[in-house]
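Keep the structure open while you read.

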Amino acid sequence: MNNLIPTMITKANRKDFKEYIAFIASQKEKIIVRNDIIQFFRQYCDANKKNKQFREKSSLFNFIKKVQELFVCEEQIVLMHRFAMAKYRYYLISLDGEHMEEIDISAYLNMKDYFVRHAGNNGIHLKLDFMPFYDFSPTIKDTKSVGNGIRYLNSYLSSNIFSRSQEWNAKLFDFIKLHKHREQQLLVNGAIIKDFETFRGELEKVMQWLDAKPAKTPYKSVEAKLKKSGFEAGWGNTVGRIIETMQMLTDLINEPTGTLLEGFISRAPMPLISKIAIISPHGWFGQTNVLGKPDTGGQVIYILDQVRALERQLKQEIELTGLSVQPKILVVTRLIPEAQDTTCNKRREKIFHTEDSWILRIPFRDHEGNIVKHWISRFKIWPYLENFTESAATELTAEFQGRPDLIIGNYSDGNLVASLLSDHFDVIQCTIAHALEKTKYSNSDLYWKEKEEDYHFSLQFTADLFSMNKSDFIITSTHQEIIGTEDTIGQYEAYQAFTMPGLYQVINGINLYAPKFNVIPPGVEDTLYFPYYLEDKRVEQKKEQWTRRLYLEEDADIFGTLDTPDKPAIFTMARLDRIKNITGLIEAFGMSKKLQQTYNLVFAAGTIHIEASKDMEERNEISKAYRLIEQYNLYGSIRWLPSINKLETGEVYRVIADHRGIFVQPALFEAFGLTIIEAMASGLATFAPKFGGPLEIIEHGISGLLLNTSKPELISKSLEAFSDKCKQEPAFWDTISRNGIDRVEKHFSWKLYSQRLINLTKLYGFWRYTESARGMIELDRYCDLIYQFLIKDRSLEIQ
């Protein structure tokens, strides 16, 4: 082995390094992850009476805190060192700590395989490597710019492509005259204006003519003249706007910049975005009585709010182009004949507060073509998705009377279907993961075989790789979702390299530095979520109704009667599953007498009736909840309601805030957390996990509080500290409440979200047309092979 230790650890810490390695070497039966690695270091420091300087500043600690995982294999320690965000080195260390050797990713994955299987595989592994297929794409250099892909791409296009002015001006002209809406030509009539030089001259002439007209002159008044000159509809609805658009194009041609390129492409109907298909097959997708059912939560809320915002924005943007087109949005999901108390058995359902947006439900069919009538877990729907895709393609063509302009996938199953539909229609695809399961279930890749019967991670992780590489662009809610933080691995980052022993090894799963990633946080619906003190906006009857239901009302579907209903409430609502960790909050409350003296615990989740649930994980959590209530004797201080209708949740938050309660999101991991920003917007002092997206929502101690949700006692400690501070500083609750409201108003807007999403669609369409087409085809073909041999064939084994 090469002795690399001196380059990592100072001489003063060398002896400690060897002793620490010897301590770690005794842990032979498991992979040790970062939190435990640091905890072992603290134990070592305690045993050896190390001072604070050593614990927090030593070269040994600076090295150890960046080790993400390690294990003992073949009398060596094997470790992954994340020396910078999304950048890794892999090492072998002798058990005496004397020597360290760097190894490559293939060797590291081979040793992980051997560690799990306790046997070699003759050195033969299927290796997946997507990186060679990204040679068509520019690469972002600065980690801080990851998640701002379109800005980087625009800069690249303006500085590299348009520098070849004659060639690319012609290409830009060809792109402009390419666009139609149905049979209506938009922008430029190629039969009249045949080449770029003619176009440039006619553009100058028509702008001079328009300059003499009043800016507010409607398009219809100048339509005939413009058409005669070769300019079709789409430049603007008034003379003033037409001139602005044409001037923007002129400036772009004369002196291209990323800002001008983005401004022109996003302003013009290239293409006209008026038909959007949003794909979300799993769960119970509906508008009433669905939240809290298995696999049904924040994603449904996100999509319904997204649809309303997109429809409003599309209408506004189309009107400004001078065109008269009604946008239409379809959410494609699964039809469930055994729909219980939902509308999930209806083929078509109009989305509330929209003009022409619909839920379109398509049934799953088994291999004999029979409709599957019952609900199916999101982990077991893979055999049905190809047939679902084929049916969706037929239905969408009929509904749109043609193809959609954009397809948006959601979660692993929806993104897989979106990728297949994008290929079918040859249209732009946007991927939204919401939550990638790989980071939620520890070592789920390494021990996939043990979990396969219940979770089928082999299919889910492969589908994630397929769709994230196929997609034209990816939207995330936070930067850390892509690339993590200094201390934590990002969700997409976790797909860079991993192994599923006996199936395949991923050498390079996704290029995080390709400019396809864009951070666009969602917003809140301000008609539903507004501060509790705006009494004139509240409905008194609703306020009284929810005050009774949350604290007093007896109901067969509500568990628990509060001895002191006037106490403020610790409140949460979510699905009942292990990751959402409501039982962790119950235990945290149960182990703290201080919390019980100050607060009641009120939560809305699923159902209190275990026999009503068909989901294994939900049943386990229901049983655990009752067990904890009994164990800590929480009768009289806890109240458990069924899931609450989305349209009622705003008033629920406000009623909790009326009593100066707090909202706690206790999830073990949260990709973003819509309930967090909803509670903040309503004026509730809000706690959220420090693992995941909430890090970019909450400014700790200012607009909310972040807590460690990994253990119930850590949740208790944070809530007790808040309670103590509120007693010491009575205005502290009000400060957190007010700052939370301000934070949401400034940073989380559905209008901004929808503007950016529409702009991204147009800009990535231009990128696809210009520079990337050939490279994307090669990447697509590689993905197609993965679909055929690792997804399609394997999924049929489930049914």
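## What lines the pocket

By class, the lining of the second largest pocket has 13 charged residues, eleven nonpolar ones and ten polar ones. Keep in mind that this is a predicted model. In total, 34 residues line this pocket, and the space inside comes to about 950 Å³.

## Where the lining comes from

Which helix gives the most to the lining of the second largest pocket? That's helix 27, with ten residues. Helix 27 covers residues 750-795. Other elements that each supply at least two lining residues include helix 15 (411-425), strand 7 (180-181) and strand 14 (428-432).

## A look at Gly-258

Now hop over to Gly-258, which sits in helix 12, a stretch covering residues 258-267. Is Gly-258 buried or exposed? Its relative accessibility is 17%, and the cut-off for buried is under 20%, so Gly-258 counts as buried.

Who does Gly-258 touch, if you skip its neighbours within four places in sequence? Its contacts are Asn-154, Ser-155 and Ser-158. As for Ser-137, it is 121 residues away from Gly-258 in sequence, and their C-alpha atoms are 17 Å apart in space.

## A word on cysteines

Cys-73 counts as buried, because its relative accessibility is 4%. Cys-726 counts as buried too, at 18%.

Note on methods:
Residues are numbered from 1 along each chain as its sequence is written. This is a predicted model: local features need pLDDT of at least 70, side-chain atom pairs count only at pLDDT 80 or more; totals for chains, interfaces and linings use all residues. Side-chain values use heavy atoms; hydrogens and water are left out. On a 1 Å grid over the protein atoms alone, a cavity is a set of points where a 1.4 Å probe fits but cannot get out, and a pocket is an open set with protein on both sides within 12 Å along at least five of seven lines; lining residues have an atom within 4 Å of a point. Grid points are joined across faces, edges and corners, and a volume is the space filled by probe spheres set on the points. Helices (H or I, at least four residues) and strands (E, at least two) are DSSP runs, numbered from the N terminus. Ala, Val, Leu, Ile, Met, Phe, Trp, Tyr, Cys and Pro count as nonpolar, Asp, Glu, Lys and Arg as charged, and the others, Gly among them, as polar. Buried means under 20% relative accessible area, exposed over 50%, partly exposed in between (1.4 Å probe, protein chains only). Contact means heavy atoms within 4.5 Å.
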